[in-house]
Protein chains: 2
Amino acid sequence: MKTFDVDLGARSYPIFIGGQLLSQRQLLAPYITGQQVVVVSNETVAPLYLERIQSTLSEYDVNTVILPDGEQYKTLAYLNNIFDALLEARCTRDVTLIALGGGVVGDMTGFAAASYQRGVNFIQIPTTLLAQVDSSVGGKTGVNHPLGKNMIGAFHQPQSVLIDTSVLATLDDRQLSAGIAEVIKYGLICDEPFFGWLEKNMARLLARDEEALIYAIERSCRNKAEIVAQDEKESGVRALLNLGHTFGHAIEAGMGYGTWLHGEAVAAGICIAAELSRRQGWIDNEVVGRIIALTKAANLPTQPPAELSLARFNELMSVDKKVKGGKLRLILLKGIGEAFISADFDPALMNASIKACRESQ
Amino acid sequence: MKTFDVDLGARSYPIFIGGQLLSQRQLLAPYITGQQVVVVSNETVAPLYLERIQSTLSEYDVNTVILPDGEQYKTLAYLNNIFDALLEARCTRDVTLIALGGGVVGDMTGFAAASYQRGVNFIQIPTTLLAQVDSSVGGKTGVNHPLGKNMIGAFHQPQSVLIDTSVLATLDDRQLSAGIAEVIKYGLICDEPFFGWLEKNMARLLARDEEALIYAIERSCRNKAEIVAQDEKESGVRALLNLGHTFGHAIEAGMGYGTWLHGEAVAAGICIAAELSRRQGWIDNEVVGRIIALTKAANLPTQPPAELSLARFNELMSVDKKVKGGKLRLILLKGIGEAFISADFDPALMNASIKACRESQ
């Protein structure tokens with residue numbers, strides 16, 4: 001098992017990565033405050049792993065909330081189901097929430113924990129690759145609004161993150177690839193050697209080679225932990241983690257949440273960001289080619305959906321959380337491993353890049 | 001005009017108290033971040049004061065949200081109206097929200113500001129006495145749940161609090177008295193001389209004598225600011241501000257939000273806390289008599305509603321935010337100006353006190 005900390009002073013917490021961790025009581029107990037525990041999961045994950053967690057936590061008063069599975073249910077209305085359950089079970093401020101599921105379950109459980117009685121503790125047990133390498137670490141929580149992704153939420157750090165790689169055995173192929181999109185992202189923003197490793201080892205990841213998966217998860221989480229430690233609330237460097245996300249969020253909201261998986265939308269968004277960086281003269285054809293090739297090798301889309309008009313793209317991006325003083329800021333590339341934030345791009349080139357990506361190949 | 005700061009390090013902010021402040025642009029402009037402003041108000045206050053604020057802020061892009069008036073609308077569903085308005089107006093992270101109304105508007109606007117894009121700025125312009133002396137200061141924000149008051153929320157401090165005492169001219173008598181309940185509370189928890197002043201000046205407050213009102217508001221806010229500065233997130237002394245509130249919240253939720261005003265429920269709750277403190281032997285008959293006399297002089301209820309059973313009281317109090325390790329903690333009195341938190345009371349005496357208050361007089 002690998003262990004390391006997200007270093008946030010008084011809010012620091014450990015990440016545990018390894019096989020068969022769900023049954024290890026001693027990894028959970030130190031992070032549970034009182035006697036009351038509420039496990040939040042979804043209809044896909046609960047039948048597979050809920051009983052195992054319940055038996056690991058047999059000494060606590062455990063209640064459960066089962067949400068429907070999918071990004072389209074990441075709403076304020078479904079969040080209320082968690083509050084209903086907490087109050088029906090008479091949970092007090094020393095309750096501990098546990099998120100057992102993918103990014104949607106983690107984001108909603110975290111926001112419920114941030115808001116219930118103005119803040120209670122929670123633990124992340126991510127069960128998708130995407131949640132394991134990205135969304136379970138760093139304390140971003142929230143729900144979507146029809147007009148924008150993750151528009152309602154809070155920064156609220158978990159007590160610990162338990163990454164059991166054995167659960168990836170039951171993940172479907174499309175979800176696995178979606179997670180790899182965020183793995184590729186780390187290589188691109190700050191870790192060129194890791195990008196090279198991914199180019200050599202993509203087949204092993206897709207074949208769910210355990211050693212390769214653990215390596216990719218640990219390296220992704222370490223990259224993320226380092227960035228979050230520098231800038232918890234995204235006033236600077238943390239924005240780099242949004243490479244591909246401004247375009248990706250527009251795709252998710254524009255197509256209807258749940259139509260494209262988050263990782264799929266981010267993959268296409270990364271390709272647009274690469275194309276725009278090339279047109280700005282910051283990277284060359286060869287770099288763009290490597291990015292597209294690796295994205296394709298992961299069975300991820302490299303093109304935004306044909307249905308989404310340029311006007312709709314621009315409208316959806318106008319509320320992006322990185323807009324400042326009326327100006328959109330994007331994460332762009334000066335090379336592999338060299339992302340930067342910029343409001344200093346040509347909007348015409350941005351629109352041309354979206355169009356070019358949509359029409360290419 | 002009186003001005004002083006709530007001292008919270010990087011989150012410190014000023015409180016301005018005086019007549020005709022709504023028209024003073026220079027008191028608002030320094031606390032508005034960008035160009036976008038959203039004023040949240042309600043159907044009672046908006047017709048009276050919204051136009052004045054809009055003209056004061058004519059240089060900004062101002063949008064408005066008008067909520068229905070009353071505690072029964074302080075819900076997650078109505079909160080969503082604010083998010084809808086923010087997104088329809090394409091508000092970005094540098095938007096400033098302004099709460100123009102009583103405690104409900106302030107709590108909801110503050111929670112919307114805490115959650116929109118994971119946190120934006122807001123300004124409090126409280127228009128009821130209760131909001132001016134209590135809820136607008138200190139950063140507690142949130143909404144109710146049918147099973148518990150203020151169960152969903154966040155700590156989120158405003159950029160400034162603008163208290164225009166002229167608006168109290170249009171407040172109805174019942175609301176004025178409800179505000180006085182929280183004023184009496186400050187005397188009881190930490191300011192015996194102020195309690196004495198209130199005994200002498202209650203008639204002036206009820207007659208809306210401007211000098212008396214400004215004095216009572218400033219003294220209340222200074223007391224609150226001092227306590228909040230010591231303990232922003234209520235890990236200790238701040239809990240004292242909840243004198244009468246555990247009983248009061250049970251009355252509000254049990255009777256249906258909006259039936260009893262918050263201040264009315266707190267007034268009856270304070271009388272129960274005083275009776276329990278007397279039965280525990282911590283205060284004598286004379287002190288209880290002074291508390292009941294002052295509460296009556298303010299035209300406030302001293303008895304909980306006959307309809308609320310002891311069992312329902314206990315059920316509603318079981319999720320109180322001060323419950324710790326399964327034990328209810330209450331704010332009780334060792335004298336006027338000497339409140340303390342205690343789990344060390346006899347539950348049988350508590351129930352007897354609720355009964356006695358209900359049946360007395």
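The model is predicted, with local features needing pLDDT of at least 70 and side-chain atom pairs counting only at pLDDT 80 or more, while totals for chains, interfaces and linings use all residues. Residues are numbered from 1 along each chain as its sequence is written, and chains are lettered from A and ligands numbered from 1 in the order in which they are written.

I then looked up the two strands (DSSP runs of E, at least two residues, numbered from the N terminus): S2 (residues 13-18) and S9(A) pair in the parallel sense over four bridges, where pairing asks for at least two DSSP bridges. In S9 (residues 161-164), Val161(A) and Ile163(A) point one way, Leu162(A) and Asp164(A) the other, and all are buried, that is, with 20 or more other C-beta atoms, placed from the backbone, within 10 Å of their own.

Next I checked helix H6 of chain A (helices are DSSP runs of H or I, at least four residues), and its 18 residues, 173-190, span 27 Å from first C-alpha to last, close to the 26 Å expected at 1.5 Å a residue. I noted that 16 of the 18 residues of H6(A) are buried.

Finally I took the division of chain A into domain 1 (2-170) and domain 2 (173-359), with bounds from an automatic or database domain assignment. The contact (C-beta atoms, placed from the backbone, within 7 Å) takes 31 residues from domain 1 and 30 residues from domain 2.

Conventions:
The expected span of a helix is 1.5 Å times one less than its number of residues. A residue is buried if 20 or more other C-beta atoms lie within 10 Å of its own, exposed if 12 or fewer, and partly exposed in between; C-beta atoms are placed from the backbone. Two residues are in contact if their C-beta atoms, placed from the backbone, lie within 7 Å.
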